[in-house]
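Trainee: I am new to this structure and would like to go through it step by step. May we begin with its overall layout?

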Amino acid sequence: MPASTWLRALLYGGVAAVVIAVPSDLIDTPIFGRPVETRWIDYVILFVTSALIGLIFAIRPAVSGSGELARSRDREGTRTIWGGFTSFLAVGCPVCNQAVVALVGTSGALTWWAPVQPVVGLAAVALLLYTLRKRLRTYRLAACPVPS
């Protein structure tokens, strides 16, 4: 890959890290608070998923039209968004997630949701790795089309 692709990956990965880390208070700001301590695994999940999101967006092939390549790109974009959202759920404060607290209460969020969050993080990484694999396949196809 060219150096410009790596620069774009770094930029997109940084943006993804900020978008995920600020609301989940992994990056401390006066806007958001976190009553539960962060775990080391939260930072690992944040780093890995942000890097994968950066790579996925950096190698986005410029394809127009409504062919199979464009439809594949749309599916990959949807999977990337879901991967980022899943990553946010994995690193967020368990008692700050209003949906979880509404479903299982504060004590349930701490005893049930908090231990499951690293598994959710692994699911986010798996989804993003799958998306990156698909994107690399389309990238190669767009960059070096095979004559028919």
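Mentor: Read along the sequence, this predicted model follows the pattern α-α-α-α.

Trainee: What span does helix α2 reach from its first C-alpha to its last?

Mentor: Helix α2 covers residues 40-58, which gives 19 residues. At 1.5 Å a residue, a span of 27 Å is expected. The value for α2 is close to that expectation, at 27 Å.

Trainee: Which residues of α2 are buried?

Mentor: A residue counts as buried when its relative accessible area is under 20%. In α2, that group consists of Asp42, Ile45, Leu46, Thr49, Ser50, Leu52, Ile53, Gly54, Ile56 and Ala58.

Trainee: Is Cys93 buried or exposed?

Mentor: The cut-off for burial is under 20% relative accessible area. Cys93 has a relative accessibility of 6%, and therefore it counts as buried.

Trainee: How many disulfides does a search of the whole structure find?

Mentor: A disulfide requires a pair of cysteine sulfur atoms within 2.5 Å. The number found in the whole structure is 0.

Trainee: What percentage of the contacts with a separation of 6 or more is between residues 24 or more positions apart?

Mentor: Contact means heavy atoms within 4.5 Å. Among contacts with a separation of 6 or more, residues 24 or more positions apart account for 74%.

Key
Residues numbered from 1 in each chain as written. Predicted model: local features only at pLDDT ≥ 70, side-chain atom pairs only at ≥ 80, totals over all residues. Heavy atoms only, no water. Helix = DSSP H or I, 4+ residues; strand = E, 2+ residues; numbered from the N terminus. Expected span 1.5 Å × (residues − 1). Buried < 20%, exposed > 50% of the residue type's maximum accessible area, 1.4 Å probe, protein only.
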